[in-house]
Amino acid sequence: MKFAVQYLSFFVIQNEGSDPDGPKKYKHYQTLTHEEYQDSELKLFLDGEFKRIAKRKAEINAVSEQVPTKIGRFVVEPGHDLTSNPNYNLFQRLRTAADKAEFHNCGDDLLRIYMDTQSARGGAFVLATAKLNELYNDPFLFLFKCDFESKIARVSDEKSLISQVEMAINAKNIKSIQYPHMPEEGMLEEWELKIHQASHARYFEDFLKYVSYEKSKPEIVADQVMELVHQYMETKWQGADIPYHAEDAAEAAETEETVAMRQEKQQFDVWAAGEKRELQEKWTHEHVVEATKQIVEMQPDLELKFRLDDVLIKGHMDDYGNNIHIARMNGRYVVLIEGDSFQFDKGVSPIELLHPEEMNEVLRRVGNGVRRVAPGEAPALD
């Protein structure tokens with residue numbers, strides 16, 4: 001996969017004062033044609049980035065909310081086509097620029113929009129159109145944002161030994177946009193672009209106001225779980241003829257059942273909003289198995305991850321009730337994990353030499369409350 005650059009514009013964004021969050025300005029350094037790019041230092045710096053960005057995989061529904069690479073989709077009103085989207089139109093003007101002057105002018109328009117975002121930082125901003133001649137006639141548009149690294153030193157002369165580079169950039173943390181998105185070679189999605197920003201600052205999401213992103217898988221699962229919670233609540237309180245939704249409940253007469261329903265709903269809301277959550281002990285095993293089955297049918301291969309005290313358990317959602325079981329014993333929680341074989345990674349531990357006891361012996365020991373304790377402490381028997 002070899003990209004041939006058509007046009008490339010190089011801009012630098014700098015602070016106007018000493019405050020890194022203060023006002024900024026940008027300067028156009030140079031716009032290069034294909035021939036000029038071949039003889040420039042940028043070729044060595046960027047050539048590998050085009051291929052790296054194009055091959056970087058991303059999912060429409062990301063595995064988490066914080067993934068660095070996402071797929072964005074141009075937003076249009078119902079009944080309208082892509083030409084009604086301002087971000088798309090600007091991208092197309094860059095892709096179809098007839099000469100380097102037009103490409104530079106369109107780049108200026110894009111930089112002015114970018115400079116209005118709160119997350120804009122100093123650095124180099126590069127715009128390029130590049131073709132995959134063996135596959136497509138039309139070029140791809142690439143946007144690169146490289147932050148400055150001010151604390152880079154290089155070997156200088158015998159006298160000073162080292163000198164500091166005032167403004168240095170490297171390709172390590174390049175933030176990028178590729179349009180159109182190429183899910184695989186030979187396939188293009190003209191409604192989609194690929195955005196990569198390995199940073200907590202959402203440089204390009206703030207900049208592209210008319211691009212939307214699908215919910216991540218955890219967000220989708222959370223929505224599905226809350227829908228199941230709503231169904232559970234409506235079924236539970238149906239016999240009492242109490243409206244479930246808060247605005248309706250507020251108009252209903254205050255009864256013990258109304259108060260109980262509202263309190264339970266608030267408990268669910270607090271639980272769902274918490275970043276660290278505890279076991280709620282509300283649903284039966286059968287209810288959880290059925291709910292899990294519904295979610296896994298729509299979202300296969302979902303991860304199941306939780307901690308029991310300091311022990312991390314990881315598996316798949318559909319492992320619950322099959323290979324992973326949760327129970328109570330003597331007022332404490334127990335997690336039972338089934339499997340056919342063990343595999344230990346780096347290092348060697350005495351546990352790897354174990355000849356496992358039968359399950360009833362382990363349950364007897366746990367039931368008696370016999371646990372390993374720190375040296376010098378007496379065992380605690382419940």
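**Figure 1. Thr-258 within helix 8.** At 2% relative accessibility, Thr-258 counts as buried, where buried means under 20% relative accessible area, exposed means over 50%, and partly exposed lies in between (1.4 Å probe, protein chains only). Thr-258 belongs to helix 8, which covers residues 256-273. Helices (H or I, at least four residues) and strands (E, at least two) are DSSP runs, numbered from the N terminus. Trp-237 stands 21 residues from Thr-258 in sequence, and the C-alpha atoms of the two residues are 9.1 Å apart in space. The structure shown is a predicted model, in which local features need pLDDT of at least 70 and side-chain atom pairs count only at pLDDT 80 or more, whereas totals for chains, interfaces and linings use all residues. Residues are numbered from 1 along each chain as its sequence is written, and side-chain values use heavy atoms, with hydrogens and water left out.

Figure 2. The side chains of Lys-265 and Asp-269 form a salt bridge with an N to O distance of 2.9 Å. A salt bridge is a side-chain nitrogen of Lys or Arg within 4 Å of a carboxyl oxygen of Asp or Glu. Because Lys-265 and Asp-269 are 4 residues apart in helix 8, about one helical turn separates them. Asp-269 is partly exposed, since its relative accessibility is 34%. By the rule given here, the count of salt bridges comes to 16.

Figure 3. Helix 3 (residues 86-95) is mostly covered, with 7 of its 10 residues buried. These buried residues are Asn-87, Tyr-88, Leu-90, Phe-91, Gln-92, Leu-94 and Arg-95.

Figure 4. Asp-109 and Arg-93 meet through their side chains in a salt bridge of 2.8 Å, N to O. This pair links distant parts of the chain, as Asp-109 is in helix 4 (residues 100-115) and Arg-93 is in helix 3, 16 residues apart. Asp-109 has a relative accessible area of 23% and is therefore partly exposed. Arg-93 is also partly exposed, with a relative accessible area of 40%.

Figure 5. Arg-364 and Glu-361 form a salt bridge through their side chains, at 2.7 Å from N to O. The two residues are separated by about one helical turn because they are 3 residues apart in helix 10 (residues 359-367). Arg-364 is partly exposed at a relative accessible area of 45%, and Glu-361 is partly exposed at 29%. In a further group, salt bridges that share partners join Arg-93, Asp-109 and Arg-112 into one network.

**Figure 6. Ser-216 in a loop.** Ser-216 is located in the loop between strand 12 (211-213) and helix 6 (217-236). With a relative accessible area of 3%, Ser-216 is buried. When neighbours within four places in sequence are left aside, Ser-216 is in contact with Asn-61, Ala-62, Ser-64 and Glu-65. Contact means heavy atoms within 4.5 Å.

**Figure 7. A nonpolar patch on the surface.** Leu-279, Ile-326 and Tyr-333 form a nonpolar surface patch, and together they have about 270 Å² of accessible area. Patches are made of residues with over 30% relative accessible area and no salt bridge; like charges are joined within 9 Å, and nonpolar side chains (Val, Leu, Ile, Met, Phe, Trp, Tyr) within 5 Å. Accessible areas come from the Shrake-Rupley method with a 1.4 Å probe, and for residues only the protein chains shown count as cover. Ile-326 is found in strand 15 (residues 324-329). Its relative accessibility is 36%, so Ile-326 counts as partly exposed.

**Figure 8. Two buried cysteines.** Cys-106 is buried, with a relative accessible area of 2%. Cys-146 also counts as buried, at 1% relative accessibility. A disulfide is a covalent bond between the sulfur atoms of two cysteines. The search criterion is a pair of cysteine sulfur atoms within 2.5 Å, and a search of the whole structure finds 0 disulfides.
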